[in-house]
Each structure stands twice: as structure tokens, then as C-alpha cells.
Amino acid sequence: MDEDRECGRPSLADERGVESVYQPAEDSALLARAAREAVEPGMRALDVGTGSGYVAAQLAEAGADAVGVDLSPLACRQARENGVQTVRGDLVAPFQSLSFDLVVFNPPYLPTPSETEWDDWMEHALSGGEDGRRLVDPFLSSVGRVLETDGEVLLLVSSLTDPDAILAFGGDHGLDGERLASEKHPYEELVVLRFSQM
């Protein structure tokens with residue numbers, strides 16, 4: 001993905017008049033509140049898809065030893081500028097096994113037909129693919145590796161992505177899940193799911 005697009009079409013961020021890095025919104029705030037309540041001082045915490053670093057900064061403020069990870073170089077740069085230790089990488093791939101007590105993720109969850117995708121960094125931050133689970137499923141199938149035995153995962157999803165199906169998918173991958181918090185909005189309900197190792 002390249003912000004200097006040869007096809008002549010403006011980036012999604014330019015088209016919408018927004019930044020190229022996802023900025024904190026209602027979903028970020030809901031996840032941050034739930035994460036702060038889960039943090040104990042000294043916990044090792046990972047914010048997957050950190051974007052601007054907002055949730056990771058909230059974790060650090062609550063006493064966690066927090067790090068962010070993002071595939072976008074633009075997001076990594078902005079998170080570092082915001083004081084967040086950040087690694088560029090795909091989901092949890094850069095990290096060793098049993099590295100974290102808490103892993104949080106606000107994934108791209110909007111169901112997006114492939115023909116409407118723009119293939120730039122902002123699209124990558126927003127598009128959940130056809131069913132909204134483009135990154136949710138790979139995350140749940142891999143996060144157990146980096147989680148301490150008694151650690152937990154907080155995952156922000158939407159009613160548009162079928163939270164019950166996501167809980168079932170987590171169960172199929174060794175994670176016991178439950179609804180932790182929710183917030184209704186005009187077109188969807190935002191839901192924080194909590195997972196732990198079975």
C-alpha cells in the first residue's frame with residue numbers, strides 16, 4: 001500500500017478529509033475504559049493495531065508496561081510521537097510466547113464488500129472484509145501464543161460482526177469468552193469481549 005498512488009485516485013483519507021491514521025473515537029474510548037479497569041500496576045500489556053497509540057497510552061497511564069503494534073508505518077510513527085513504545089508488525093507475530101498479561105485489540109470491523117475497498121492504510125484500519133472479521137479471526141487464532149497462562153484478551157467488535165459467532169470462534173481456538181461491556185449507537189452496538197485461556 002502506498003500513499004503516493006500511481007492510479008491517480010486519492011487515498012481514502014484524502015477523499016474523506018481525515019488523517020491517514022485512525023484516531024480515537026467511541027470504539028477506542030469504550031475499549032480504553034474496559035482495559036483500564038483490567039490493568040494492575042506492572043502488567044505487561046499489548047495494544048494490537050495501536051493506530052495513534054491512544055489505548056496503549058491509557059494502559060500505560062493505568063500502570064501497565066504497555067507496547068503497541070501496527071502494520072502501518074504511519075501509525076507506528078504517530079504512536080511513537082505520542083510517547084507509545086511501538087513495534088511495526090502484523091498482529092502478534094513480532095512477539096515471543098507468553099509475553100503479555102493483557103492484550104487488547106480494536107480491529108477493523110466494518111463489513112466491507114471487496115469492490116468498495118481502496119487498498120490504502122486508512123482502508124486497512126477500517127475495513128473488516130466481507131464479514132467484518134478479516135483480522136478478528138486471525139487474531140483470535142494466534143493471540144493465545146503470546147498470552148500468559150492467566151492473562152486475558154479484550155476485543156472490541158460491533159453487532160455488525162456477530163459477537164456470538166466471534167465468541168464461538170474463540171472457543172474453537174482455546175479461548176473462553178464473554179461479553180464484558182457494550183454501548184449502543186444509531187446503527188450498531190459496540191461490544192467488548194473478554195477472552196481467557198481455557
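Reader: Are Phe-105 and Phe-139 buried or exposed?

Author: Burial is read from relative accessible area (buried under 20%, exposed over 50%, partly exposed in between, with a 1.4 Å probe and protein chains only), and on that scale Phe-105 is buried, as is Phe-139. This is a predicted model, in which local features need pLDDT of at least 70 and side-chain atom pairs pLDDT 80 or more, while totals for chains, interfaces and linings use all residues. Residues are numbered from 1 along each chain as its sequence is written, and side-chain values use heavy atoms, without hydrogens or water.

Reader: How many aromatic pairs does the structure hold?

Author: Rings of Phe, Tyr and Trp (its six-membered ring) pair if their centres lie within 6.5 Å, and planes under 30 degrees apart count as stacked, over 60 as edge-to-face and the rest as tilted. The structure holds two such pairs. In one of them, Phe-95 and Phe-100 have ring centres 5.2 Å apart and planes at 80 degrees, so the arrangement is edge-to-face; both of these residues are buried. The aromatic pair of Phe-105 and Phe-139 is tilted, with 4.8 Å from centre to centre and 55 degrees between the planes.

Reader: How many residues of S4 are buried, and which strands pair with S4?

Author: Six of the six residues of S4 are buried, so this strand is largely enclosed by the rest of the structure. Strands pair if DSSP finds at least two bridges between them. S4 runs parallel to strand S1 (residues 44-48), to which four bridges join it, and in that pairing Asp-47 stands opposite Val-104 of S4. S4 also pairs in the parallel sense with strand S5 (residues 147-158), over five bridges, where Phe-100 faces Leu-147 of S5 as its opposite residue.

Reader: Which residues have the most contacts inside the largest nonpolar core?

Author: A nonpolar core is a set of buried Ala, Val, Leu, Ile, Met, Phe, Trp, Tyr and Cys residues joined through side-chain atoms within 4.5 Å. The largest core has 27 residues, and those with the most contacts inside it are Leu-46, Val-48, Val-103, Phe-139, Leu-140, Leu-155 and Phe-195. Two or more residues come from each of S1, strand S2 (65-70), S4, H6, S5, H7 and S7, with S5 giving the most, four residues. A second, separate core has 20 residues, including Ala-35, Ala-64, Val-104 and Leu-190.

Reader: With which residues is Phe-139 in contact, leaving aside its neighbours within four places in sequence?

Author: Contact means heavy atoms within 4.5 Å. With those neighbours left aside, Phe-139 is in contact with Val-48, Leu-91, Val-92, Val-103, Phe-105, Val-153 and Leu-155. Val-157, whose place is in S5, is buried with a relative accessible area of 0%. With neighbours within four places in sequence again left aside, Val-157 is in contact with Pro-163, Ile-166, Glu-189, Leu-190, Val-191 and Leu-193.

Reader: Which residues of helix H7 are buried, and against which elements do they pack?

Author: In H7 (residues 163-172) the buried residues are Pro-163, Ile-166, Leu-167, Phe-169 and Gly-170. They pack against H6, S5, strand S6 (175-185) and strand S7 (188-197). H7 is followed by Gly-174, which has a positive phi, near 80 degrees.

Reader: How many salt bridges does the count come to?

Author: A salt bridge is a side-chain nitrogen of Lys or Arg within 4 Å of a carboxyl oxygen of Asp or Glu, and the count comes to eight. Among them, Arg-36 forms a salt bridge with Glu-61, their closest N and O atoms being 3.1 Å apart; the two lie 25 residues apart, Arg-36 in helix H2 (residues 26-38) and Glu-61 in helix H3 (residues 54-61). Arg-36 is partly exposed at 31% relative accessibility, whereas Glu-61 is exposed at 59%.

Reader: Which strands hold Asp-101 and Arg-44, and which hold Arg-194 and Glu-178?

Author: Asp-101 forms a salt bridge with Arg-44, with 3.7 Å between the closest N and O atoms, and this pair links S4, which holds Asp-101, to S1, which holds Arg-44, across 57 residues. Arg-44 counts as partly exposed at 30% relative accessibility. Arg-194 forms a salt bridge with Glu-178, the closest N and O atoms being 2.5 Å apart; Arg-194 lies in S7 and Glu-178 in S6, so the pair ties together parts 16 residues apart in sequence. Both are partly exposed, Arg-194 at 26% and Glu-178 at 37%. Salt bridges that share partners also join Arg-44, Asp-101 and Glu-148 into one network.
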